[in-house]
Amino acid sequence: MKSNPKVIKLTGNSFAVLALLEEFGDLTSYEIKGAMEKSIENFWPVPHTTAYEEPARLAAAGYLSARQEEGGRRRRIYSVTEKGREALREWSAAPTASPPQLRDEAVLKVFAGADPEPIRAEREAWHRMKLAELQGMLDEVRQAEGFENSEPTLQAGVAYHRMWLDVLERLGGQK
């Protein structure tokens, strides 16, 4: 007798893993972690353990299939199933999304009484570095084929970091 996959609640992290596999194809957990770091982590930070725990959970519920390498390290390679594609299509087609959250330690430190100027300068340098990184990725994606879903998110990332640089510049002028 064949058992039915267990019923699970799909979370934002579930859809992140499904979307990564749909975009990049079959991946091991280690490759999922790397793909997260270079793509969605710029707008959807997740613990690194998500790359190892979530695929196994999704596979047990039938949203992913898993096959193990015959030789070598015998890693598990995950693929999106039709059930996973359907769940991802339904979720991405829904016209609603949870409101964004601002979780920024720099803002919390200023609230707690820190001198904002050194924090502002450090944060400005970080946003400039991320802006350059994402702009470079956007330039690469525009020249490559098969990454149509990545371009709008990279454009959003570039705009986000430009916006923060503008905000930080304005805050710097309020001495």
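A salt bridge here is a side-chain nitrogen of Lys or Arg within 4 Å of a carboxyl oxygen of Asp or Glu. The model is predicted.

Q: How many salt bridges does this rule give?
A: The count comes to 14 salt bridges.

Q: Why is the pair Asp26 and Arg67 called a salt bridge?
A: The cut-off is 4 Å from nitrogen to oxygen. The side chains of Asp26 and Arg67 meet at 3.3 Å, N to O. So the pair counts as a salt bridge.

Q: What makes this pair a tie between parts apart in sequence?
A: Asp26 sits in the loop between H1 and strand E1 (27–28), and Arg67 sits in strand E2 (residues 64–68). The pair therefore ties together parts that are 41 residues apart in sequence.

Q: Why are Asp26 and Arg67 called partly exposed?
A: Partly exposed lies between under 20% (buried) and over 50% (exposed). Asp26 has 41% relative accessibility, so it is partly exposed. Arg67 has a relative accessible area of 44%, so it is partly exposed too.

Q: How do you know that Arg75 and Glu69 form a salt bridge?
A: Their side chains meet at 2.9 Å, N to O. The rule asks for within 4 Å, so the pair qualifies. Arg75 itself is partly exposed, at 29% relative accessibility.

Q: What makes Glu124 and Arg120 a salt bridge, and where do they lie?
A: Their side chains meet at 2.7 Å, N to O, and the limit is 4 Å. Glu124 and Arg120 both lie in helix H6 (residues 116–143). They are four residues apart, about one turn of the helix.

Q: Are Glu124 and Arg120 buried or exposed?
A: Buried means under 20%. Glu124 is at 19%, so it counts as buried. Arg120 is at 16%, so it counts as buried.

Q: Which residues touch the most other members of the largest nonpolar core?
A: The core has 23 residues. Leu18, Leu21, Ile32, Met36, Leu58, Tyr63 and Leu64 touch the most other members. Two or more residues come from each of helix H1 (12–24), helix H2 (29–38), helix H3 (50–60), strand E3 (76–80) and helix H4 (82–93). H1 gives the most, with six residues. A second, separate core has seven residues, including Leu131, Leu138, Val158 and Leu165.

Q: What is Tyr63 in contact with, leaving aside its neighbours within four places in sequence?
A: Its contacts include Ile8, Leu10, Leu18, Leu58, Val80 and Ala87.

Q: How do you know that the buried residues of H4 line one face?
A: The buried residues of H4 are Gly84, Ala87 and Leu88. Seen down the axis, they fall within an arc of 100 degrees, so they line one face of the helix. They pack against H1 and E3. The face turned away from them carries the exposed residues Glu90 and Ala93.

Q: Why is E3 called largely enclosed by the rest of the structure?
A: Four of the five residues of E3 are buried, so the strand is largely enclosed.

Q: What makes E1 and E3, and E2 and E3, paired strands?
A: Pairing needs at least two bridges. E1 and E3 have two bridges, in the antiparallel sense. Thr28 stands opposite Ile77 in E3. Five bridges join E2 to E3, also antiparallel.

Definitions and conventions:
Residues are numbered from 1 along each chain as its sequence is written. This is a predicted model: local features need pLDDT of at least 70, side-chain atom pairs count only at pLDDT 80 or more; totals for chains, interfaces and linings use all residues. Side-chain values use heavy atoms; hydrogens and water are left out. A nonpolar core is a set of buried Ala, Val, Leu, Ile, Met, Phe, Trp, Tyr and Cys residues joined through side-chain atoms within 4.5 Å. Buried means under 20% relative accessible area, exposed over 50%, partly exposed in between (1.4 Å probe, protein chains only). Contact means heavy atoms within 4.5 Å. The arc is that of the directions from the helix axis to the C-beta atoms.
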